[in-house]
Amino acid sequence: MEFEPVIGLEIHVQMDTKTKLFCSCPVEFGAEPNSNVCPVCLGLPGSLPVINKRAVEFAIKAGLALNCKINTRSVFARKNYFYPDLPKGYQISQYEEPIAVNGWLEVGGKRVRIRRLHIEEDAGKNIHEGSKTFVDLNRAGTPLMEIVTEPDIDSPQMAREFLEKLRNIMRYTGVSRADMEKGQLRCDINISIRPKGSKELGTRVEIKNVNSFRFVQKAIESEMERQIKLLLSGEKIVQETRTFDPSTGLTHTMRTKEEAEDYRYFPEPDLLPLLIPPQWLEEIKANMPELPEERYERFMKNYALDQYSAKVLTDNKELGDFFEESLRYYGQDPKLTANWLLNDLLGNLSESGKDIESSPVSPQSLAELVKLIKENVLSSKLAKEVIKEMTATGKSPSQIVEEKGLKQVSDEGQIRSMIEEVLKENSKEVERFKAGEEKVFGFLVGQVMKKAKGKANPQLVNRILKEMLR
């Protein structure tokens with residue numbers, strides 16, 4: 001019997017605000033434990049929350065980018081549960097009336113529906129050391145969006161692609177850096193298995209807090225395998241919450257699954273309903289930034305890039321920004337700029353363990369290199385040498401060319417003189433060429449390049465050598 005998965009995701013995205021959701025404490029990754037706290041985010045008696053307007057704006061932007069309907073009236077609720085890192089004993093979230101609903105995102109030609117996007121505060125963080133557990137409450141009160149999909153995802157790969165696309169959109173809108181390593185994007189996976197072609201849903205299992213795209217894919221693959229084995233052996237799947245262990249590649253039981261009623265939701269009495277003025281909503285709509293798919297189409301249309309180059313450049317906002325910044329300094333050949341950026345600069349950065357954001361090569365330096373290639377100051381071979389040095393030292397291409405004497409020889413008289421010497425030194429090969437052995441031409445070109453120490457303009461060498469061999 002063949003089985004298929006039914007997958008839905010619950011994604012927590014940390015909003016890139018300077019302060020927390022209901023107080024003015026700074027949001028700062030890596031700060032001294034329990035240094036960014038106050039009576040409000042600690043939930044001390046008598047303290048009252050005040051909503052962060054920027055967080056509301058970011059939630060609206062994200063909702064619009066995900067094709068959601070924005071509710072001009074939404075309500076905050078108390079979600080009650082008791083963990084060491086939740087000082088109030090409840091979390092302020094949204095339940096029955098979220099800020100955005102009924103969105104979608106297309107992945108691989110299939111539309112994944114988004115049930116809701118709501119605003120909530122984060123809890124703190126437990127740090128386990130041996131038999132002891134320490135609690136850092138700096139993260140308590142950090143603004144989050146929770147994005148909940150419908151169970152429309154049908155493969156581990158599709159789940160990964162959905163998350164990668166979502167992260168890209170979050171970065172383009174500026175609402176979040178969505179850095180999984182810093183906990184700015186965390187994913188819970190809901191998965192069930194059913195016989196292929198069946199319309200009935202199986203028993204749902206939740207995998208909690210998976211923190212990388214690769215692990216999301218691996219966790220789903222592992223859980224699919226576990227559930228299929230249970231079904232084939234006649235056992236029942238238990239509705240529960242599990243965790244994924246990357247070291248073993250297996251999921252493990254955490255606890256039996258809570259239902260909504262276990263949280264005893266009720267409207268937050270310290271906050272009024274959140275009303276979005278229509279004029280403000282229209283302002284946000286009018287100032288929405290360009291999104292990845294719009295940029296992808298523009299890159300192909302305006303810069304005549306192929307689909308692959310346009311996709312790679314737009315799948316990473318910072319890479320696309322670098323490309324366009326480089327074109328501002330020299331925009332004569334966008335295709336050439338894209339090639340040197342994607343094939344050479346990224347390759348060199350990868351070898352040194354860096355990414356485009358930590359690149360020692362600036363957009364201006366890349367533009368200068370492309371200009372030197374276009375003006376025949378550098379051959380492709382020499383340019384590869386130069387960009388390697390640029391990546392290692394951060395020096396400009398002209399500085400490296402000057403220091404290493406790498407300037408391409410494009411003086412026709414100089415090249416003609418070198419060719420004359422080569423023809424005299426290789427008279428037998430010249431006779432063989434004239435007798436019809438055309439492969440000898442490559443040998444003669446090589447001899448000229450050797451004499452020029454690789455610096456002669458190869459196009460000129462080929463043209464002049466052909467003329468002189470007639």
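## Helix α12 and its partner α15

A crossing of two helices is called right-handed if the near helix is turned clockwise from the far one by less than a right angle, and left-handed if the turn is anticlockwise. In this predicted model, α12 passes α15 in a right-handed crossing. The two axes, that of α12 and that of helix α15 (residues 458-469), come within 10 Å and cross at roughly 55°.

Sorted by class, the contact of α12 with α15 comprises nine nonpolar and five charged residues, with no polar residue.

## Helix α12 and its partner α14

Helix α12 (residues 412-425) also packs against helix α14 (residues 440-451), at an angle of about 125° and with the axes 9 Å apart. The angle makes α12 oblique to α14, and here too the crossing is right-handed, with α12 passing α14.

The residues of α12 that take part are Met418, Ile419, Glu421, Val422 and Glu425, while α14 contributes Leu444, Gln447, Val448 and Lys451. This contact of α12 with α14 divides into five nonpolar, one polar and three charged residues.

From α1, the residues Lys53, Val56, Glu57, Ile60, Lys61 and Leu64 make the contact, and from α4 they are joined by Trp280, Leu281, Ile284 and Lys285. By class, the contact of α1 with α4 holds six nonpolar and four charged residues and no polar one.

## The second largest pocket

The second largest pocket has a volume of about 1200 Å³. It is lined by 40 residues, of which Glu164, Lys165, Arg167, Asn168 and Asp315 are the closest to its centre. The elements that give two or more residues to this lining are α1 (53-65), β6 (100-107), α2 (156-173), α5 (292-303), α6 (307-315) and α7 (317-329).

Among the contributors to the lining of the second largest pocket, α2 gives the most, with eight residues. When the lining of this pocket is sorted by class, it has 18 charged, 14 nonpolar and eight polar residues.

The structure holds one cavity of 30 Å³ or more, and the largest cavity has a volume of about 40 Å³. The residues that line the largest cavity are Cys41, Leu86, Pro87, Lys88, Tyr90, Glu121, Asp122, Ala123, Ala140 and Gly141. By class, the lining of the largest cavity consists of six nonpolar, one polar and three charged residues.

Note on methods: Residues are numbered from 1 along each chain as its sequence is written. This is a predicted model: local features need pLDDT of at least 70, side-chain atom pairs count only at pLDDT 80 or more; totals for chains, interfaces and linings use all residues. Side-chain values use heavy atoms; hydrogens and water are left out. Axes are lines fitted to C-alpha atoms, for helices over the stretch in contact, and angles run from 0 to 180 degrees between N-to-C directions. Helices (H or I, at least four residues) and strands (E, at least two) are DSSP runs, numbered from the N terminus. Angles under 35 degrees count as roughly parallel, over 145 as roughly antiparallel, 65 to 115 as roughly perpendicular and the rest as oblique. Contact means heavy atoms within 4.5 Å. Ala, Val, Leu, Ile, Met, Phe, Trp, Tyr, Cys and Pro count as nonpolar, Asp, Glu, Lys and Arg as charged, and the others, Gly among them, as polar. On a 1 Å grid over the protein atoms alone, a cavity is a set of points where a 1.4 Å probe fits but cannot get out, and a pocket is an open set with protein on both sides within 12 Å along at least five of seven lines; lining residues have an atom within 4 Å of a point. Grid points are joined across faces, edges and corners, and a volume is the space filled by probe spheres set on the points.
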